[in-house]
Amino acid sequence: MQKRTIRLGIAGAISAMIGAIAYAFVRLYVMNLRVDISVLLVNIVVFSASAAVLVYLLWKERELEEEEMFRD
């Protein structure tokens, strides 16, 4: 993996988390709907998937940096 690809993936995971927050905000405050299972399910699924991707990409980035350090 290239560093650029990893950085784009990290930005995508963070933007997915922001999107989940925006979805919940619009659903709860703008549309004045009550909290139901769909809001909770979407937020739990998106946050857990985004967090897993984020952890994996950060791990790969650190691994790539260590590899570059040993290469020098």
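This is a predicted model: local features need pLDDT of at least 70, side-chain atom pairs count only at pLDDT 80 or more; totals for chains, interfaces and linings use all residues.
Student: Let's begin with helix 2. How many residues does helix 2 have, and what does it reach from end to end?

Tutor: Helix 2 covers residues 37-71. It has 35 residues and reaches 50 Å from its first C-alpha to its last, close to the 51 Å expected at 1.5 Å a residue.

Student: Which residues of helix 2 are buried?

Tutor: Val39, Asn43, Ser50, Leu54, Leu57, Glu61 and Leu64 are buried. What they pack against is helix 1, residues 3-30.

Student: And how do I read a nonpolar core?

Tutor: Here's the general idea: in soluble globular proteins, nonpolar side chains tend to be buried together. In this model, the largest nonpolar core is made of six residues: Ile6, Ile10, Ala13, Leu54, Leu57 and Leu64. Helix 1 and helix 2 each contribute at least two residues to that core.

Student: Take Ile6, then. Which residues does Ile6 touch, leaving out those up to four places away in sequence?

Tutor: Ile6 touches Met1, Leu57, Lys60, Glu61 and Leu64 once you set aside those sequence neighbours.

Student: Which side chain makes a polar contact with that of Glu61?

Tutor: That would be Arg7, with a polar contact of 3.0 Å between the two side chains. The pair also forms a salt bridge, the closest N and O atoms being 3.0 Å apart. Arg7 sits in helix 1 and Glu61 in helix 2, so this pair ties together parts that are 54 residues apart in sequence. Arg7 itself is partly exposed, with a relative accessible area of 47%.

Student: How many salt bridges does the count come to?

Tutor: Three, if you take a nitrogen-to-oxygen distance within 4 Å as the cut-off. Another one joins Glu68 and Lys3, whose closest N and O atoms are 3.7 Å apart. That pair links distant parts of the chain, with Glu68 in helix 2 and Lys3 in helix 1, 65 residues apart. Both partners are partly exposed: Glu68 has a relative accessible area of 31%, and Lys3 has 30%.

Student: What about Lys60: which residue does Lys60 form a salt bridge with?

Tutor: Lys60 pairs with Glu63, the closest N and O atoms being 3.4 Å apart. Both lie in helix 2, three residues apart, about one turn of the helix. Glu63 counts as partly exposed at 33% relative accessibility.

Definitions and conventions: Residues are numbered from 1 along each chain as its sequence is written. Side-chain values use heavy atoms; hydrogens and water are left out. Helices (H or I, at least four residues) and strands (E, at least two) are DSSP runs, numbered from the N terminus. A polar contact is a pair of N or O atoms within 3.5 Å; within protein, one must be able to donate a hydrogen and the other to accept it, and residues adjacent in sequence count only if both atoms are side-chain atoms. The expected span of a helix is 1.5 Å times one less than its number of residues. Buried means under 20% relative accessible area, exposed over 50%, partly exposed in between (1.4 Å probe, protein chains only). Contact means heavy atoms within 4.5 Å. A nonpolar core is a set of buried Ala, Val, Leu, Ile, Met, Phe, Trp, Tyr and Cys residues joined through side-chain atoms within 4.5 Å. A salt bridge is a side-chain nitrogen of Lys or Arg within 4 Å of a carboxyl oxygen of Asp or Glu.
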